[in-house]
Amino acid sequence: MNYPLWQLGFPGGLLIALIAVVHVFVSHFAVGGGAYLVLLERKANRDNDAGLLDYVRRHSKFFALLTLVFGAVTGVGIWFTIGLVSPEATSSLIHTFVWGWAIEWVFFFVEITAALVYAYGWDRLDRASHMAVGWVYFVAAWASLFIINGIITYMLTPGRWLQNHEFWSGFFNPTYWPSLVIRTGMAVVLAGMFGLITGPGLASPVRERVLRYAGSWIVLGTLFLVLPARWYFADFPAEAKTYFAFLLPSMRRVIDLGVAAAALSLILALVFAIAKPAWLRAPVVAVILLCGFVVMGTGEYTREVARKPFVIGNYIYSNDLRVANLPHIDEAGFAATAKWMDRQPSDPLREGRQIFAIQCGACHSVNGYRAMAPRAHGWDPAFAADALQHLPLMRGTMSPFAGNQQDRVAVATFLASLSPTGSEQAATAAELGRQVFQQRCAMCHTLKRKFRPLDLGGTDADSIDGMLQQLDSLNPEMPSFHGTEAERKALAVFLQSGATAN
């Protein structure tokens, strides 16, 4: 809140995700690929296999170019974007884990140096020294993963750090060990997948040996993805488990997509790399790599969603506001405490637009990704202001609104201005009722589904109409009904009808 706002026109978190998923895809290959190279080199030396050794030499240059250039550039891109999108959270991570970052950067320096020496030392080092450099690289790369994993999992489950603020309590948090096993398994899988890129161009019989070797890495690594998955999800925050099951059923589909991609890559590796390597062609390799990217992407997406509404669990919200600061902001007002707002109290629409950008822009845009214009369709300022007081109830993944009544009115004025026409003219009362349900109820309730169902088929419309007139009395967490009498009665009939569609 106390940093200048970087306005992109779309949520900055989306930009971070696009860069981060590509980076972790390559960086995990950088870990597993190191072990892949040195173990394959040892096998070639042991068997005096000149063809296999030549393959390792060529693969090491491909490996160094991809991981050191592309991986490093995307890594810098992550730091650049998180510093601009979430400066408060980035500052907190640096201060909390300053020595962890320092250790990781030392390992990263060793990793870069060893990779370059390994790739370009084939004709300059004896066999024993060259393999020693390879092992130095792998140990440094995995140690870098060991450190980064502690910081990433801390953001999801800070654990006892919230009480004692001790480094090791945050580092070895509840999800640390299962995440480390899964990420190590993913590194092994990707080492095999990228081995399939450079293997098909070899001549037989080296080609078959390399492809079978790479395929075995995919099979072995997949076991390390599947077996600890329940352990990992068992340590997720309780609220994340709840809204994965009910509030966000789409997350089940995301997880299923990741599982399907892992299964498909496993089957393709067994058939085309291990059983029939002669059948392997570029399109199959592309599908296997795509499956690996999907597995990585769905895993990272699941972890990110599980953190909501926080960027650091129970410490900093997704909009970069610290949990401990909310009482002061609610009392003093958001506009009065935000240092980088252009305050014009006489213009609530302008003020509301700025508060929306600061508090909501991390996840929502006006007309783009997770757009608010269609969501606010039909809202009037009174309803919008009332709804802003109940954001966590409406969606467990949403941060609470920070500010006083004046701030809420300003943001409500802005939200109502996004769709000023109100309810469209409906042809029938049933269509009007459905429309009102979508505009004023569907953000919190379903009709026949699992999450907060409104199955009132056995209640007459007049009784439901009476309930709608005293919602805040029935439940203080519910906004009052702010529609017209015709809209209210149409909604009552719609709910009484026991309709099955949202």
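Reply: Arginine 307 makes a salt bridge with glutamate 304, and their closest N and O atoms are 2.8 Å apart (a salt bridge here is a side-chain nitrogen of Lys or Arg within 4 Å of a carboxyl oxygen of Asp or Glu). Keep in mind that this is a predicted model, where local features need pLDDT of at least 70 and side-chain atom pairs count only at pLDDT 80 or more, while totals for chains, interfaces and linings use all residues. Residues are numbered from 1 along each chain as its sequence is written, and side-chain values use heavy atoms, with hydrogens and water left out.

Both partners sit in helix α13 (residues 282-307), and because they are 3 residues apart there, about one helical turn separates arginine 307 from glutamate 304. (Helices are DSSP runs of H or I with at least four residues, strands are runs of E with at least two, and both are numbered from the N terminus.) Is arginine 307 buried or exposed? With a relative accessible area of 7%, arginine 307 is buried, whereas glutamate 304, at 28%, is partly exposed.

Across the whole structure, a search turns up 14 salt bridges. One of them joins aspartate 465 to arginine 488, with the closest N and O atoms 2.5 Å apart. Aspartate 465 is in helix α22 (residues 461-468) and arginine 488 in helix α24 (residues 485-496), so this pair ties together parts that are 23 residues apart in sequence. Aspartate 465 is buried at 7% relative accessible area, and arginine 488 counts as buried too, at 13%.

Another salt bridge links aspartate 47 with lysine 43, where the closest N and O atoms are 3.6 Å apart. Those two lie in helix α1 (residues 12-47), 4 residues apart, about one turn of the helix. Aspartate 47 is partly exposed at 41% relative accessibility, and lysine 43 is partly exposed at 27%.

Now for the nonpolar side of things. The largest nonpolar core has 89 residues, and the members touching the most others are Tyr36, Tyr55, Tyr154, Leu190, Leu196, Phe244 and Ile312. Helix α8 (residues 176-198) gives the largest share of this core, 12 residues. Another core lies apart from it, with 31 residues, among them Tyr317, Met372, Leu391 and Leu415. (A nonpolar core is a set of buried Ala, Val, Leu, Ile, Met, Phe, Trp, Tyr and Cys residues joined through side-chain atoms within 4.5 Å.)

Zoom in on tyrosine 55: leaving aside neighbours within four places in sequence, tyrosine 55 is in contact with residues including Tyr36, Leu40, Gly195, Leu202 and Val210 (contact means heavy atoms within 4.5 Å).

Leu415 brings us to helix α20 (residues 405-417). Its 13 residues reach 18 Å from the first C-alpha to the last, close to the 18 Å expected at 1.5 Å a residue (the expected span is 1.5 Å times one less than the number of residues). Buried residues of α20 include Asp407, Arg408, Phe414 and Leu415, and what covers the buried residues of α20 includes α15 (334-337), α16 (348-360), α17 (372-375) and α18 (381-387).

Alanine 119, in helix α4 (residues 98-120), is buried with a relative accessible area of 1%. Not counting residues up to four places away in sequence, alanine 119 touches Ser60, Lys61 and Ala64.

Zooming out, the protein chain has 24 helices and 2 strands. Of its 502 residues, 51% count as buried. The C-alpha atoms fill a box of roughly 85 × 50 × 35 Å, taken along the principal axes. Among the contacts with a separation of 6 or more, 74% come from residues 24 or more positions apart.

How values were computed: Buried < 20%, exposed > 50% of the residue type's maximum accessible area, 1.4 Å probe, protein only.
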